Amino acid sequence: MLLVEDVYAGYGLSEVLLGTSLAVKPGTVVALIGANGAGKTTTMRAISGLIRPARGRVLLDGEPVGGLPASRIARLGLAHAPEGRKVFGTLCVEDNLLLGAYGRLPRFFGFRGRAAADLERVYGLFPRLRERRRQLAGTLSGGEQQMLAIGRALMARPKVMLLDEPSMGLAPVIVQEVFRTIRQLKAEGMTMLLVEQFAKTALEVADYAYVMERGRIAIEGTPAELRRDERLLAAYLG
Amino acid sequence: MPASIVAQMAISGALMGLVYALIAYGFQLTYATSKSINFGQGELVMVSAFFSLTLLDLGLSYWLVLPAGLLFGAALGLVVERAGVRLALEQKSEGWILLTIILGLFFFSAAENIWGRDDRPFPTPIPSDSIHVLGVDVTPLELSVAVGVLAVMGLIELLKRRTLLGKAFEAVSVDRDAGELMGISAKRTVMLSYALSGAVAALAGILVSPITTVGPTMASALVLKAFSVAVVAGLDSGFGVVLVGMFLGALETLASFYVGSGWREAPGLVLLILALAVRPTGVFGKAAIRKV
Amino acid sequence: MWKRLFLVRGAELLLFASLAALPLAVASPYALGLLMLLAIYGILLIGLDVTVGYLGQVNLAQAAFLGLGAYAAAIVVTHTGLGLVGALLVAPTVCFVLGALLALPALRLEGPQFALATLSFTALATTALNELEWLTQGAQGFSLSRPPLLGHALGARAFYWMCVALLAMVWIAMRNLLSSQWGRAFEALRDSPIATDAMGVGTYRHKVAAFAFGSGLGGLAGALYAFNFQYLQPQSFVYELTVILLLGVVLGGRKSLWGAFVGASLVALLPNLLSNRTLFQAFSALGLAVALAAGARGLFRRTMRPFQAIAPVVATSALVVGGLVVENTEDWRKAIFALMLFSVVVGLPEGLMGFATRFLAQLLRIAPPPLPPPSPLDEVLPARLADGAVLLELRDLRRHFGGVKAVDGVSLAVRAGHVHGLIGPNGSGKSTLVNVISGLYTPTSGEALLRGSPLPHGSLVRVARAGVARTFQNLQLFTGLTALENVMVALTGVYRAPLPFVLLGLGRAEDRRARADALALLELVGLREQARTPAKDLTYGAQRFLEMARALARKPEVLILDEPAAGLAHPDVVKQVEVIRRIRERGVTIVLIEHHMDVVTQLCDVVTALDGGKLIAEGSPDEVKRHPKVIEAYLGNVGDAALPAPPAGARIS
């Protein structure tokens with residue numbers, strides 16, 4: 001579904017990714033773990049088009065998307081819930097969700113009706129968002145904002161979803177809820193690429209995992225295989 | 001001084017103030033998507049007015065020139081966006097302030113050399129004999145300015161508040177990257193806002209020209225007051241600019257009468273600095289809570 | 001070390017020696033006039049660079065200050081007996097005061113609003129100069145004669161030497177100022193005003209001072225301008241001049257005295273360039289060649305975007321074609337300025353000197369001065385007494401936003417030497433509580449006491465000075481400064497020299513001391529090796545550590561760490577626990593907000609749990625973890641997070 005081949009990318013003169021390759025099969029959850037500065041977030045940004053890969057290929061559902069603007073890639077079916085959530089703070093919850101489906105809604109009239117079913121689905125998944133649908137997103141708590149970010153990504157009915165550090169800065173109880181949602185989405189057949197600091201928890205939901213080191217994939221394997229790797233256990237899983 | 005004359009002055013000042021409001025609204029449009037404004041907006045007003053005058057001189061009807069002028073303004077807005085704003089926004093720098101000033105300077109010089117430095121009258125089919133409405137004299141020309149300004153601003157506000165496109169404007173302004181991830185092309189949204197802003201500038205030029213005449217410096221005073229209006233009202237308050245614009249227009253007519261015509265510009269400038277001291281986000285702007 | 005000193009100081013000496021010697025070689029009064037302008041604009045642009053370069057704000061008022069200074073000087077020598085020296089003192093003072101008055105409201109704003117405010121000030125100043133006819137003689141202009149200097153009549157050449165001497169003094173004073181704590185503070189507040197406040201430096205005060213200082217230099221230049229031309233008109237000081245001055249600063253290169261000087265020569269020579277057609281054609285051809293070369297290089301090395309490479313070529317080509325087609329280049333001078341400025345701003349944003357210094361530094365391999373050995377930690381951060389007495393006390397603290405009760409009556413006591421944990425779900429009020437204590441928000445009611453005396457309300461600076469330092473959940477580093485400078489900005493108890501001493505260059509010894517102290521703190525958090533790395537190039541983990549070192553530079557009694565481990569991978573978390581232990585060993589009391597429960601358990605003596613703005617539990621980490629309310633609101637069902645792994649999916653090769 002998603003294929004990254006030998007991608008080099010970075011910011012300005014500093015290259016962060018030095019030939020990253022990974023693959024996400026349809027209906028699976030793939031985890032990407034590694035130390036700070038290893039290039040996990042940069043990988044996500046290079047996939048979704050927020051930065052342009054200097055070299056290498058990115059294929060979404062067989063179609064090359066490397067170098068396209070992020071908005072085009074989003075409309076081709078890739079949703080990215082970015083690090084730090086990045087909800088639109090001055091818009092209300094429901095407007096945030098509607099914008100999630102921007103690519104397939106009419107621009108002027110009747111967009112609410114066309115999005116009704118998807119709204120219901122997201123509200124079903126996160127009842128808290130329904131309660132707060134008229135509230136400005138900036139006034140939500142961190143946990144609610146994370147749910148909104150995931151819900152907003154779901155509104156696009158994506159082929160692949162990228163989740164960047166969905167647990168960052170969240171209370172344990174909320175982290176559990178986030179992971180429950182990820183499991184539920186997985187059960188529904190959603191394809192996901194997940195970057196996560198809580199490597200242990202990430203390996204529990206993932207079908208396959210990659211470990212990054214200094215801009216490259218250092219180790220890969222199924223969670224069961226990775227758990228057997230002593231070195232990895234010591235370095236990342238604590 | 002009879003009250004009726006004071007009222008008369010205040011009202012014609014306020015009607016003029018709507019032009020400031022319209023130009024200020026042009027700032028708000030681009031600020032809404034990109035937190036940037038065109039410091040050369042006055043030059044767009046002036047160049048569009050000259051362009052429209054040239055079309056009129058060629059014998060085209062006013063009602064054909066009006067849309068042509070708006071299109072021309074929109075095209076100039078796009079030029080400003082491409083040459084002055086886009087790169088700076090992509091680099092998240094404030095280089096656009098300098099670049100839009102520079103482009104304004106260029107347009108000014110070009111206009112001076114193409115159309116000359118003299119002020120020229122701008123013909124209009126709308127009569128300028130005053131009529132008596134509710135105890136004060138106004139001209140249909142002044143009223144046409146008011147109607148044009150309010151109609152266009154109302155229409156655009158409706159677009160911004162009620163349509164998904166309008167929400168996308170806001171989204172791009174809050175977080176450009178996040179907007180991109182939703183499939184909203186930040187580039188096109190900003191382009192659209194600059195085109196709209198250019199058209200609004202052209203409208204201001206065409207509406208105000210019959211009153212002020214057309215010349216290279218016609219907009220420099222106007223735009224300075226529009227700056228004041230935009231900052232005093234807040235760069236995110238669509239209807240605030242209307243109120244502040246009318247208030248300022250009335251205030252300066254009275255000031256120029258009571259203090260001296262040379263001080264005509266002063267109230268706006270003083271008001272601006274005072275407003276900044278009291279409420280930096282503008283009288284009608286949203287007060288932001290500092291978050292860390 | 002010596003090589004650097006020799007080259008840099010030698011070049012400056014050479015510049016001023018040749019400026020002083022030139023009139024001896026060139027007799028033409030015309031050339032002397034140009035040199036005079038060069039010196040005057042030099043002072044003016046150095047002043048403008050303070051706001052444009054160091055504060056990073058577009059300042060459109062410098063032309064107005066030139067005018068105001070000129071008129072002030074003219075009025076002083078015409079209507080009072082103060083003479084030349086008096087005028088040279090009054091004009092900068094007037095502009096300093098007016099600058100401060102403008103800056104007080106205007107510098108509460110950033111970016112476009114600030115530019116608009118200064119633009120309006122320029123318009124207002126022109127109006128005033130035009131309309132106050134009894135004082136300025138309005139549009140007809142003001143004539144004056146150049147007064148004698150202490151009894152000696154000044155010929156053109158003597159007056160020029162005076163200008164050069166003043167330029168040299170301004171140059172030296174400015175260099176001393178910018179390399180001191182003041183200069184670092186200017187750069188810091190551009191990157192993060194909030195952190196500058198929280199480090200006790202006082203963002204607003206520094207900004208206003210910087211702007212007023214730059215305006216004062218504008219006034220000084222104005223006085224010289226008045227004595228040079230001996231005839232003033234309000235319309236000389238309008239918007240157009242402002243734009244040309246900006247051209248000078250940007251083209252020369254921001255944040256550089258040399259840049260200001262190069263810019264000044266350009267501004268002084270520009271009119272001549274335009275009046276001579278052949279010269280103009282040659283110059284524009286040169287510009288095109290440079291643009292082509294730089295663009296090709298930039299595209300080839302991928303350091304430029306296509307637009308950045310192509311646009312200057314288009315603009316300079318327009319200049320070349322224009323130079324061939326247009327009869328009278330004077331008519332088009334604004335367009336010509338515009339095209340030149342456009343090419344520079346787009347293609348060479350760091351300006352000529354920015355480019356040249358980078359190039360020369362590479363060519364001559366000038367090594368940065370070596371760092372001193374770090375001071376002993378006991379001197380920098382003397383161990384405090386960890387006696388367990390109540391140090392920080394909150395009494396029924398509340399903060400409401402509209403109807404939202406973010407902090408709703410919290411009372412707690414933090415004891416000296418403890419690590420006091422603060423946990424709670426998102427939105428429980430932890431961050432708001434920290435923001436109230438540290439002075440970002442004013443409490444709605446209640447009190448925070450440090451050693452029994454109330455902490456100031458709603459002022460980051462004053463709380464920081466009272467002895468409470470903090471880090472930020474979303475990093476607030478001074479990204480443009482190096483790691484060492486980040487710490488030096490915050491360092492307290494070292495900088496004692498008053499401003500005049502600093503201007504005279506008497507602050508260097510304490511600056512050296514500050515460097516050694518800051519290095520000791522970097523060593524404490526394990527960043528000594530990265531002391532010279534710009535903060536923005538540090539890894540995320542290192543940036544978290546730098547925030548701690550910077551807060552420690554305040555030598556605080558209480559250190560508040562706001563989610564220091566957020567987003568850190570496991571190895572960095574382990575390191576961080578170690579660093580926090582080391583800090584605690586110095587006797588610094590720590591308030592720790594954290595979601596990593598294992599970090600909290602390992603470090604904290606006492607943990608307070610909040611929910612909905614209220615305290616729900618307090619005690620030792622183990623007690624709090626077992627508290628039913630904490631489990632319900634915060635920890636959740638621990639078993640749930642540790643579900644057995646689902647069967648592994650299809651392996652992807």
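In this predicted model, B:Glu90 and C:Arg305 reach across to each other in a salt bridge, with their closest N and O atoms 2.7 Å apart. Three salt bridges turn up across the interface of chain C and chain B, along with four residue pairs in polar contact, counting pairs with both residues at pLDDT 80 or more.

How big is the contact overall? Interface size is often quoted as the accessible area lost when the parts come together. Here the area buried between chain C and chain B is about 4400 Å², with 75% of it given by carbon and sulfur atoms. On the chain C side, C:Leu116, C:Phe307 and C:Lys334 lose the most area to chain B, and together they make up 13% of what that side buries.

Now over to chain A and its strands. Strand β3 (residues 29-34) of chain A is mostly covered, with six of its six residues buried. Side chains in a regular strand alternate between the two faces of the sheet. In β3(A), one side has A:Val29, A:Ala31 and A:Ile33, the other has A:Val30, A:Leu32 and A:Gly34, and both faces are covered. Which residues does A:Ala31 meet on the neighbouring strands? In β8(A) A:Ala31 stands opposite A:Leu194, and in β9(A) its bridge partner is A:Ala209.

Strand β6 (residues 78-81) of chain A is likewise covered on both faces: A:Leu78 and A:His80 are buried on one side, A:Ala79 and A:Ala81 on the other. A:His80 has A:Leu162 as its bridge partner in β7(A).

Here are the strand pairings of chain A mentioned above, side by side:

| Strand | Partner strand | Sense | Bridges |
|---|---|---|---|
| β3(A), residues 29-34 | β8(A), residues 191-195 | parallel | four bridges |
| β3(A), residues 29-34 | β9(A), residues 208-213 | parallel | five bridges |
| β6(A), residues 78-81 | β7(A), residues 160-164 | parallel | four bridges |

Definitions and conventions. Residues are numbered from 1 along each chain as its sequence is written. Chains are lettered from A and ligands numbered from 1 in the order in which they are written. This is a predicted model: local features need pLDDT of at least 70, side-chain atom pairs count only at pLDDT 80 or more; totals for chains, interfaces and linings use all residues. Side-chain values use heavy atoms; hydrogens and water are left out. Buried area is the accessible area (1.4 Å probe) that two parts lose on being put together, summed over both. A salt bridge is a side-chain nitrogen of Lys or Arg within 4 Å of a carboxyl oxygen of Asp or Glu. A polar contact is a pair of N or O atoms within 3.5 Å; within protein, one must be able to donate a hydrogen and the other to accept it, and residues adjacent in sequence count only if both atoms are side-chain atoms. Buried means under 20% relative accessible area, exposed over 50%, partly exposed in between (1.4 Å probe, protein chains only). Helices (H or I, at least four residues) and strands (E, at least two) are DSSP runs, numbered from the N terminus. Two strands pair if DSSP finds at least two bridges between them.
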